[in-house]
Amino acid sequence: FRRRAVLLKQSGSAEWQEEDLVLSARLARLQRLHRRMMQQPTCMFCIAWDLLSMLLIFSDFVLLSLEIFAPVDPGLSRALLWLQCIFWTASVPRSFFVGFMARGG
């Protein structure tokens, strides 16, 4: 944007300069919002989320194995099904806002 703004200043088009300033202000706002929403993979919320996902996978493993021998209470089964459905549905968009660790920083 800066390069374009310099070129527009040289050409003398005031309306293009104003539009460019508006676009650069919007871009700056989006970058601030993005920085605010991004989460480090080592933050406590991410660690808790990962532990909860492991717990849900483990409970699935245990309860599905137990259903072979003795059926589980339908109320408990339905509640866990809804919890897992909501959790995994929320996990997909949440994964877009978690950063990653790169070598060297």
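Reader: How many aromatic pairs does a search of the whole structure find?
Author: This is a predicted model, and the search of the whole structure finds three aromatic pairs. In one of them, the rings of Phe45 and Trp49 have centres 5.8 Å apart and planes at 40 degrees, so that pair is tilted.

Reader: Where do Phe45 and Trp49 lie?
Author: Both are in helix H3, four residues apart, which is about one turn of the helix. In general, an α-helix has 3.6 residues a turn, so residues three or four places apart point the same way.

Reader: Which residues form the aromatic cluster?
Author: Phe45, Trp49, Phe87 and Trp88 form one aromatic cluster.

Reader: Changing topic: what pattern does the chain follow along the sequence?
Author: The pattern is α-α-α-α, with four helices and zero strands in the chain. Of its 105 residues, 12% count as buried. Among the contacts in the chain with a separation of 6 or more, 64% are between residues 24 or more positions apart.

Reader: At what angle do the axes of H3 and H4 cross?
Author: The axes of H3 (residues 44-69) and H4 (residues 74-94) cross at roughly 140 degrees and come within 11 Å. The crossing of H3 past H4 is left-handed.

Reader: Which residues in H3 meet which in H4?
Author: On the H3 side, the contact includes Phe45, Trp49, Leu52, Leu56, Ile57, Asp60, Leu63 and Glu67. On the H4 side, the residues include Ser77, Leu80, Leu83, Gln84, Phe87, Trp88 and Arg94. The residues of this contact divide into twelve nonpolar, five polar and three charged.

Reader: What are the buried residues of H3, and what covers them?
Author: The buried residues are Cys46, Trp49, Ser53, Leu56 and Ser59. What covers them includes H4.

Reader: What span should H3 have at 1.5 Å a residue?
Author: Its 26 residues should span 38 Å, and its end C-alpha atoms are 38 Å apart, which agrees.

Reader: How far apart are Leu64 and Ser77 in sequence and in space?
Author: Leu64 and Ser77 are 13 residues apart in sequence, and their C-alpha atoms are 10.0 Å apart in space. Ser77 is one of the H4 residues that meet H3.

Definitions and conventions: Residues are numbered from 1 along each chain as its sequence is written. This is a predicted model: local features need pLDDT of at least 70, side-chain atom pairs count only at pLDDT 80 or more; totals for chains, interfaces and linings use all residues. Side-chain values use heavy atoms; hydrogens and water are left out. Axes are lines fitted to C-alpha atoms, for helices over the stretch in contact, and angles run from 0 to 180 degrees between N-to-C directions. Helices (H or I, at least four residues) and strands (E, at least two) are DSSP runs, numbered from the N terminus. A crossing is left-handed if the near helix is turned anticlockwise from the far one by less than a right angle, and right-handed if clockwise. Contact means heavy atoms within 4.5 Å. Ala, Val, Leu, Ile, Met, Phe, Trp, Tyr, Cys and Pro count as nonpolar, Asp, Glu, Lys and Arg as charged, and the others, Gly among them, as polar. The expected span of a helix is 1.5 Å times one less than its number of residues. Buried means under 20% relative accessible area, exposed over 50%, partly exposed in between (1.4 Å probe, protein chains only). Rings of Phe, Tyr and Trp (its six-membered ring) pair if their centres lie within 6.5 Å; planes under 30 degrees apart count as stacked, over 60 as edge-to-face and the rest as tilted.
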